[in-house]
Amino acid sequence: VCTCHSVSVLIIIPISLLNSDHILAAVDFELSAEQREIQALAREFADAEIEPHAADWDRNHHFPREVFAKLAELGLMGTCVPEEYGGAGADFLSYILVLEELSRADAGVGVTVAVHTSAVTLPILAFGTDEQKSRFVPPLARGELIGAFALTETEAGSDAGSLRTAATPTGDGWRISGTKQFISTAEHAGTFLLFARTDPETPG
């Protein structure tokens, strides 16, 4: 087992390779200086701004909107989003290190940032049109808006292939008909990535 800065990897090497002429290249699991810096930034913030209040937030059912504003000021609401779209421009591992530190202090904060980034911002960045990316991604990456992921339905659950919410073109947009539930951060979100069926005849 190789353990370096909270990253543990179990390497299993077949005996046949050890007895052959294969050359085993060394693998470097050290974090880069930038990754360590981002990890330390997230850890310091979590220790000072999240962990001391997490239990009270849970007891009072409080959503700490002010914490996400502070995370945005540090660039941690768009850690791995390119700078041209308002993000910090760091790599994906740096983003994972941020989630690890935030979740250690309070899982709810970590999950909110994860949904905001992985389930809303990055899919728009990957699959959106140029207009959608320029319109929606920068406010999300800068933390001006929180993203919500609207998939789950009463009958279909989280099975995207069975969803019943319909999207019908109206000429200048879409009309959404259906019901969603269990949408994390819905009360506080400004951008929703919503799943809907555009063709009722298409299965799955």
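Glu101 is a buried residue, with a relative accessible area of 3%. In this predicted model, Glu101 also forms a salt bridge with Arg104, and both residues belong to a network of salt bridges.

- Between Glu101 and Arg104, the closest N and O atoms are 3.3 Å apart.
- Glu101 and Arg104 are separated by about one helical turn, because they stand three residues apart in helix 5.
- Arg104 counts as partly exposed, at 43% relative accessibility, whereas Glu101 is buried.
- The network links Arg43, Asp47, Glu51, Glu101 and Arg104.

**Other salt bridges**

- Side chains of opposite charge can pair when their charged atoms come close.
- The structure holds 10 salt bridges.
- One of these joins the side chains of Glu49 and Lys70, at 3.1 Å from N to O.
- Glu49 lies in helix 2 (residues 33–50) and Lys70 in helix 4 (residues 65–73), so this pair ties together parts that are 21 residues apart in sequence.
- Both partners are partly exposed: Glu49 has a relative accessible area of 27%, and Lys70 has 34% relative accessibility.
- Another salt bridge brings together the side chains of Arg59 and Asp56, at 2.3 Å from N to O.
- Arg59 and Asp56 both belong to helix 3, where they are three residues apart, about one turn of the helix.
- Arg59 is exposed, because its relative accessible area of 58% is over the 50% cut-off.
- Asp56, with a relative accessible area of 36%, is partly exposed.

**A nonpolar patch on the surface**

- Phe92, Leu93 and Ile96 form a nonpolar patch on the surface.
- Together, these three residues have about 260 Å² of accessible area.
- Leu93 is located in helix 5, which covers residues 92–105.
- Leu93 counts as partly exposed, at 35% relative accessibility.

**The largest pocket**

- The volume of the largest pocket is about 710 Å³.
- The lining of this pocket comprises 18 residues, of which Gln132, Trp174, Phe192, Leu193 and Leu194 are the closest to its centre.
- Helix 6 (107–127), helix 7 (130–141), strand 5 (174–177) and strand 6 (191–194) are the elements that each give two or more residues to the lining of the largest pocket.
- By type, the lining of the largest pocket consists of 12 nonpolar, four polar and two charged residues.

**The second largest pocket**

- The second largest pocket holds about 190 Å³ of space.
- Its lining residues include Trp57, Asp58, His61, His62, Phe63 and Pro64.
- Phe68, Asp106, Gly108, Val109 and Thr112 are also among the residues that line the second largest pocket.
- Helix 3 (54–60) and helix 6 are the elements that give two or more residues to this lining.
- Helix 6 gives the most to the lining of the second largest pocket, with three residues.
- The lining of the second largest pocket is made up of five nonpolar, four polar and two charged residues.

Methods:
Residues numbered from 1 in each chain as written. Predicted model: local features only at pLDDT ≥ 70, side-chain atom pairs only at ≥ 80, totals over all residues. Heavy atoms only, no water. 1 Å grid on protein atoms, 1.4 Å probe; cavity = no way out; pocket = protein on both sides within 12 Å on 5 of 7 lines; lining within 4 Å. Points joined across faces, edges and corners; volume = space filled by probe spheres on them. Helix = DSSP H or I, 4+ residues; strand = E, 2+ residues; numbered from the N terminus. Nonpolar A, V, L, I, M, F, W, Y, C, P; charged D, E, K, R; others polar. Patch = residues over 30% accessible without salt bridge, like charges linked within 9 Å, V, L, I, M, F, W, Y side chains within 5 Å. Areas by Shrake-Rupley, 256 points an atom, 1.4 Å probe, with all protein chains shown as cover. Salt bridge = Lys/Arg side-chain N within 4 Å of Asp/Glu carboxyl O. Buried < 20%, exposed > 50% of the residue type's maximum accessible area, 1.4 Å probe, protein only.
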